[in-house]
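This report describes one protein structure for a reader who has not seen it before. The sequence and structure come first, and the description follows.

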Amino acid sequence: MAFPLRICAVCSEEFELKPDKPGFANRCPACSAEEADSPAARPSMDADERKTLKEANEARRRAMRDLLYRKDS
């Protein structure tokens with residue numbers, strides 16, 4: 001059984017779309033491999049940044065809770 005032929009959206013090269021091919025269905029294996037190799041750049045946070053973010057999230061949750069469940073007098 002022949003696999004469907006596709007044209008790569010990046011390099012315009014024709015390739016066979018095979019099952020369990022890594023990457024995107026509209027990109028050839030060579031172009032998909034380049035993107036898979038680059039790690040998702042997620043900056044690491046130090047303890048102070050994590051603490052600040054945690055406190056901000058707690059304040060947001062508290063404010064939303066107060067708005068949602070306050071008693072109308």
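## Salt bridge

The side chains of Lys-18 and Glu-16 form a salt bridge, with 4.0 Å from N to O; the term stands for a side-chain nitrogen of Lys or Arg within 4 Å of a carboxyl oxygen of Asp or Glu. A search of the whole structure finds 1 salt bridge. Lys-18 is partly exposed, at 43% relative accessible area, and Glu-16 is also partly exposed, at 36%. Here buried means under 20% relative accessible area, exposed means over 50%, and partly exposed lies in between, with a 1.4 Å probe and protein chains only.

## Basis of the model

This is a predicted model, in which local features need pLDDT of at least 70 and side-chain atom pairs count only at pLDDT 80 or more, while totals for chains, interfaces and linings use all residues. Residues are numbered from 1 along each chain as its sequence is written, and side-chain values use heavy atoms, with hydrogens and water left out.

## Overall layout

The protein chain has 2 helices and 2 strands, in the order β-β-α-α from the N terminus. Helices (H or I, at least four residues) and strands (E, at least two) are DSSP runs, numbered from the N terminus. Of the 73 residues in the protein chain, 10% are buried.

Among contacts in the protein chain with a separation of 6 or more, 0% join residues 24 or more positions apart; a contact means heavy atoms within 4.5 Å.

## Loop between the strands

Ser-12 sits in the loop between strand E1 (5-7) and strand E2 (14-16). The phi of Ser-12 is near 60°, a positive value in a residue other than glycine. Most residues other than glycine have a negative phi. Ser-12 is exposed, with a relative accessible area of 57%.

## Core and cysteines

The largest nonpolar core has 5 residues in all: Cys-8, Phe-15, Leu-17, Cys-28 and Cys-31. Such a core is a set of buried Ala, Val, Leu, Ile, Met, Phe, Trp, Tyr and Cys residues joined through side-chain atoms within 4.5 Å. Leaving aside residues up to four places away in sequence, Phe-15 touches several residues, including Leu-5, Ile-7, Cys-8, Ala-25, Cys-28 and Pro-29.

How many disulfides does a search of the whole structure find? The search finds 0, where a disulfide is a pair of cysteine sulfur atoms within 2.5 Å. Cys-28 is in no disulfide, and its nearest cysteine sulfur, that of Cys-31, is 3.5 Å away. That distance is too far for a bond. Cys-28 is buried at 4% relative accessible area, and Cys-31 is buried at 12%.

## Surface

The protein chain exposes about 6800 Å², and carbon and sulfur atoms supply 54% of it. Accessible areas come from the Shrake-Rupley method with a 1.4 Å probe; for residues, only the protein chains shown count as cover.

Met-64, Leu-67, Leu-68 and Tyr-69 make a nonpolar surface patch of about 500 Å². Patches are made of residues with over 30% relative accessible area and no salt bridge; like charges are joined within 9 Å, and nonpolar side chains (Val, Leu, Ile, Met, Phe, Trp, Tyr) within 5 Å. Leu-67 lies in helix H2 (residues 47-69) and counts as exposed, at 54% relative accessibility.
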